There are 2 protein chains.
Amino acid sequence: MLFARPLAELISELEKLPGVGPKSAQRLAYHLLRVPEHEAVSLANAIRNAKQRLRFCVRCQNISEAETCEICLDGRRDRSMVCIVAEPRDIAAIERIHEYKGGYHVLHGLLSPMDGLGPEQLRVKELLGRLADGDIEEIILATNPTIEGDATALYLAKLLKPIGLKVTRLAHGMPVGGELDYADSATLLSALEYRREM
Amino acid sequence: MLFARPLAELISELEKLPGVGPKSAQRLAYHLLRVPEHEAVSLANAIRNAKQRLRFCVRCQNISEAETCEICLDGRRDRSMVCIVAEPRDIAAIERIHEYKGGYHVLHGLLSPMDGLGPEQLRVKELLGRLADGDIEEIILATNPTIEGDATALYLAKLLKPIGLKVTRLAHGMPVGGELDYADSATLLSALEYRREM
């Protein structure tokens with residue numbers, strides 16, 4: 001009996017979070033016991049609210065409070081471009097650069113035959129549905145430069161090009177501020193392939 | 001508008017946790033959105049329950065569900081020894097070695113004049129109250145070997161010795177499995193001072 005039961009239960013729930021081991025779970029639990037009641041309750045409420053009030057945008061499959069997300073509803077955005085990402089968090093990453101003004105489509109995963117993830121498990125059907133209205137001219141494939149990300153990009157390119165769409169892929173290359181000396185060969189090779197005239 | 005509002009609120013609440021930066025908060029939030037409803041609700045409930053059902057043991061000030069904690073109620077434990085620790089989590093650390101069979105007293109902090117923490121802010125009054133019934137013979141000071149921990153131990157030793165109690169302190173020395181070569185001088189010095197005849 002190391003911990004009082006409600007404390008043990010809290011630790012065990014916290015341990016289920018990604019990247020939270022037994023030690024961090026204990027630290028977080030003791031922290032929550034120490035903070036004022038309202039602060040701990042705010043966190044509990046935020047978890048409940050997020051689960052109850054959030055759903056997927058019917059258009060782009062992004063996380064949204066309303067039926068259609070704010071990006072899809074935003075009239076100032078360019079409806080002719082759709083950037084395809086694996087996860088909703090990837091949208092936040094691209095939005096942070098404040099440069100891209102088109103729309104998005106979230107696949108909610110990447111092709112991974114080993115994990116039983118085929119095109120049917122991804123939101124590909126929904127993407128094809130969006131192409132029907134004819135506004136979309138360019139598809140930017142922004143899946144991660146990993147085996148699964150590359151395979152998914154290749155699959156989508158083969159699927160979408162015959163429809164007559166312009167299909168592009170985010171460049172692979174040296175990260176800004178990186179050093180050639182430390183770059184892996186795959187990255188260097190990509191940087192060479194994606195090189196551009198100055 | 002990077003995130004839907006309930007998601008932004010969840011991220012902001014998670015960011016308040018110790019050791020959770022903006023990036024981890026986002027990762028945790030997306031994780032909670034992905035898991036089944038009941039799993040996220042379990043965490044929210046565990047936080048609420050822990051806050052509502054836990055309090056401090058009237059005797060040793062440990063975290064407890066009942067008025068008196070299970071360690072204090074356990075008749076098999078030696079009531080003549082009291083181990084003084086700074087935080088409830090330190091009790092868990094000592095209990096894990098399955099060797100110590102006495103009682104505990106949690107100070108809920110350490111002396112730290114810079115942070116305005118004097119003896120009045122610690123549970124020292126409650127400790128003196130426990131000494132009144134005369135069962136206690138030995139006080140083991142188990143505060144961390146830090147400046148605040150040492151200062152607190154020194155303060156308590158000066159306070160408790162005149163009462164006629166045996167006051168001991170956890171040994172400082174080489175951690176088991178450690179290498180002399182890598183030990184800092186303060187640790188080595190302590191190990192020398194605490195040396196024992198074989």
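In this predicted model, the count of salt bridges over all chains comes to 16.

**Salt bridges within a chain**

- A:Glu13 and A:Lys16 meet through their side chains in a salt bridge, at 3.2 Å from N to O. A:Glu13 counts as buried, at 13% relative accessibility, whereas A:Lys16 counts as partly exposed, at 43%.
- A:Lys166 forms a salt bridge with A:Glu138, with the closest N and O atoms 3.9 Å apart. A:Lys166 lies in strand β6 (residues 166-169) and A:Glu138 in strand β5 (residues 138-141) of chain A, so the pair ties together parts that are 28 residues apart in sequence.
- A:Lys166 is exposed, with a relative accessible area of 51%, while A:Glu138 counts as buried at 14% relative accessibility.
- In chain B, the side chains of B:Lys166 and B:Glu138 meet in a salt bridge at 3.9 Å, N to O. This pair links distant parts of the chain, with B:Lys166 in strand β6 and B:Glu138 in strand β5, 28 residues apart.

**Contact between the chains**

- The contact takes 52 residues from chain A and 53 residues from chain B. The area buried between the two chains is about 4900 Å², of which carbon and sulfur atoms give 66%.
- Two salt bridges are counted between chain A and chain B. B:Arg5 forms a salt bridge with A:Glu65, the closest N and O atoms being 3.5 Å apart.
- On the side of chain A that touches chain B, the largest share, 16 residues, comes from α3(A).
- The residues on that side of chain A divide into 27 nonpolar, eight polar and 17 charged.
- A:Arg5, A:Glu9, B:Arg53 and B:Glu65 are linked in a network of salt bridges.

**Nonpolar core**

- The largest nonpolar core has 48 residues, and those with the most contacts inside it are A:Leu7, A:Leu14, A:Ile47, B:Leu7, B:Leu14 and B:Ile47. Helices α1, α2 and α3 of chain A and of chain B each supply at least two residues of this core.
- Leaving aside neighbours within four places in sequence, B:Leu7 is in contact with residues including A:Leu54, A:Ile63 and B:Leu33.

**B:Val82**

- B:Val82 lies in strand β3 (residues 78-85) of chain B and counts as buried, at 1% relative accessibility.
- The C-alpha atoms of B:Val82 and B:Glu138 are separated by 6.4 Å, although the residues are 56 apart along the chain.

Terms used. Residues numbered from 1 in each chain as written. Chains lettered and ligands numbered in written order. Predicted model: local features only at pLDDT ≥ 70, side-chain atom pairs only at ≥ 80, totals over all residues. Heavy atoms only, no water. Helix = DSSP H or I, 4+ residues; strand = E, 2+ residues; numbered from the N terminus. Buried < 20%, exposed > 50% of the residue type's maximum accessible area, 1.4 Å probe, protein only. Contact = heavy atoms within 4.5 Å. Buried area = accessible area lost by both parts, 1.4 Å probe. Salt bridge = Lys/Arg side-chain N within 4 Å of Asp/Glu carboxyl O. Nonpolar A, V, L, I, M, F, W, Y, C, P; charged D, E, K, R; others polar. Core = buried A, V, L, I, M, F, W, Y, C linked by side-chain atoms within 4.5 Å.
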